[in-house]
Amino acid sequence: EWLAEEMAEVVAHAEKRVDIMTLSPPDGLFLTEFKAAIETLADRSSTADNPIIVRILLGISSRSFAFDCDLLIQSLTNDLPTDANIRIWVGAWRKGLGWNHAKLIAVDGTFLHTGGHNLWHKDYLSTTPVHDLSIELEGSVTVDGHHFANQQWNFMERNFGDCGELCSMSVRGFPQGVTT
């Protein structure tokens, strides 16, 4: 369980911005821990002038082919007050045989968690888990994580302006569309 808790703790450090990139949406304890982290962010941002921005970009793989971004936003925010000072974007894409496969959490240009771990409870938190490697870094390398996320969002916007069947994008608290 420490893996889900550690990843969510990185998210909960945010004061301005979080980028999360993963193959498929979090489930099980990962979803529970990320939801708690977003509640922490909402509490912290209640007295801030600017909202904390959370961007979650997923790949559409065989596990999540018809993914509903609105449902993930709802799952993560259903206990937040409607006036919470937090903005969440969720996007997912697939183009031909390609899709987002990155795994990273970049926070405020200061904290970075990256590696191979997906956010799947059964695969990573069971009694016979998949063995993957991830690393946490601090400092300027985190800015590169945000830049990489920007490029992925820009790719999605260029290639899937109307999304259609191959991508899905949803926002809580922002008008439709992605700007970086």
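User: In this predicted model, a residue counts as buried when its relative accessible area is under 20% and as exposed when that area is over 50%. Is Lys35 buried or exposed?

Analyst: The relative accessibility of Lys35 is 16%, and the cut-off for a buried residue is under 20%. Because 16% falls under that cut-off, Lys35 counts as buried.

User: How many salt bridges does a search of the whole structure find, and which residues are joined into one network?

Analyst: The search of the whole structure finds three salt bridges. In one of them Arg17 pairs with Asp19, with the closest N and O atoms 3.3 Å apart, and in another the side chains of Arg55 and Asp19 meet at 2.6 Å, N to O. Salt bridges that share partners therefore give one network, and its members are Arg17, Asp19 and Arg55.

User: Which strands hold Arg55 and Asp19, and how many residues apart are they?

Analyst: This pair links distant parts of the chain, 36 residues apart. Arg55 and Asp19 are both buried, and the relative accessibility of Asp19 is 0%. Arg55 is found in strand β2 (residues 52-59) and Asp19 in strand β1 (residues 17-22), and the separation is 36 residues.

User: Is Arg17 buried, exposed or partly exposed?

Analyst: Arg17 has a relative accessibility of 25%, while buried residues lie under 20% and exposed residues over 50%. Because 25% falls in between, Arg17 counts as partly exposed.

User: How many aromatic pairs does the structure hold, and why is the pair of Trp89 and Trp153 given its particular name?

Analyst: The structure holds one aromatic pair. The ring centres of Trp89 and Trp153 are 5.8 Å apart and their planes stand at 70 degrees, and planes over 60 degrees apart count as edge-to-face. The angle of 70 degrees is over that cut-off, so the pair is edge-to-face.

User: Where do Trp89 and Trp153 lie, and how many residues apart in sequence are the parts that they tie together?

Analyst: Both Trp89 and Trp153 are buried. Trp89 is part of strand β3 (residues 86-95) and Trp153 is part of helix α5 (residues 141-159), so the pair ties together parts whose separation in sequence is 64 residues.

Terms used: Residues are numbered from 1 along each chain as its sequence is written. This is a predicted model: local features need pLDDT of at least 70, side-chain atom pairs count only at pLDDT 80 or more; totals for chains, interfaces and linings use all residues. Side-chain values use heavy atoms; hydrogens and water are left out. Rings of Phe, Tyr and Trp (its six-membered ring) pair if their centres lie within 6.5 Å; planes under 30 degrees apart count as stacked, over 60 as edge-to-face and the rest as tilted. Helices (H or I, at least four residues) and strands (E, at least two) are DSSP runs, numbered from the N terminus. Buried means under 20% relative accessible area, exposed over 50%, partly exposed in between (1.4 Å probe, protein chains only). A salt bridge is a side-chain nitrogen of Lys or Arg within 4 Å of a carboxyl oxygen of Asp or Glu.
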